[in-house]
Amino acid sequence: MTLLAGGLISLLLLNSAVNQDSFQLNKLQKETTGYTDEQQELQQEVDGLSAPGALEERARQMGMVPGGAPAFLTPAGGVHGTPQAATAPPPSPTPTPTLGSASPAVSAGSSATPSGQPQAGSPASGAPGTTAGTSTPSPGTSDPTSGR
C-alpha cells in the first residue's frame, strides 16, 4: 500500500512538473511570436525607407542634388572620365499673386506703409545699392543655389 501511495504521489509530482513546463513553453512561444511580428514590421519599415524613391525624396528634403557624371580611378593611377559638379535643378516657379488679391488698404504699386513712411529696403528709402527684386546674401549665410 505504501509503495502504491508513493508511486501515485511521484506520478502526481511528475505530471505537475510537466504541466508547469508546458505553460512556460506556451508563454515563450507567444513571446517569440510577438518578437517575430515586431521584427517583420521593422523590416517592412526599413524596406520602405530604403526604396529608391523614398531615398531620393529624403535626400531632396535635406537639400541634396543628383550628382554629375563620375570619374573613376584606374588601377594604374589614371583617371577614366571627366568629373562634373552636381548642380541644383532650377527652383520650381512660385505662383505670383494676382492684382485682385492685393490688400484693399494699400493700392497696387504703392510702397508706402500706412503711416506714410517708405518701407525699409525700398528704392525710396535711399539705401545705397538696393534695387527692387534683387537681394544680396548677408555675410556668413550660405548661398542656396551653390550648395555651399
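Reader: Where does L14 lie?
Author: In this predicted model, L14 lies in helix α1, residues 2-49.

Reader: Why does L14 count as exposed?
Author: L14 has 53% relative accessibility. Exposed means over 50%, so L14 counts as exposed.

Reader: What makes L14 part of a nonpolar patch on the surface?
Author: Patch residues need over 30% relative accessible area and no salt bridge, and nonpolar side chains are joined within 5 Å. L14 has 53%. The patch holds M1, L4, L8, L11, L14 and V18. Together they have about 710 Å² of accessible area.

Reader: How do you know that E56 forms a salt bridge with R60?
Author: Their closest N and O atoms are 3.0 Å apart. The cut-off is within 4 Å, so the pair counts as a salt bridge. By this rule the count comes to one.

Reader: Where do E56 and R60 lie?
Author: Both lie in helix α2, residues 52-61. They are four residues apart, about one turn of the helix.

Reader: What secondary structure does the protein chain have?
Author: It comes to two helices and two strands. From the N terminus on, they run α-α-β-β.

Reader: How many of the 148 residues count as buried?
Author: The share is 1%. The protein chain exposes about 13,000 Å², and carbon and sulfur atoms supply 62% of that area.

Terms used: Residues numbered from 1 in each chain as written. Predicted model: local features only at pLDDT ≥ 70, side-chain atom pairs only at ≥ 80, totals over all residues. Heavy atoms only, no water. Patch = residues over 30% accessible without salt bridge, like charges linked within 9 Å, V, L, I, M, F, W, Y side chains within 5 Å. Areas by Shrake-Rupley, 256 points an atom, 1.4 Å probe, with all protein chains shown as cover. Salt bridge = Lys/Arg side-chain N within 4 Å of Asp/Glu carboxyl O. Buried < 20%, exposed > 50% of the residue type's maximum accessible area, 1.4 Å probe, protein only.
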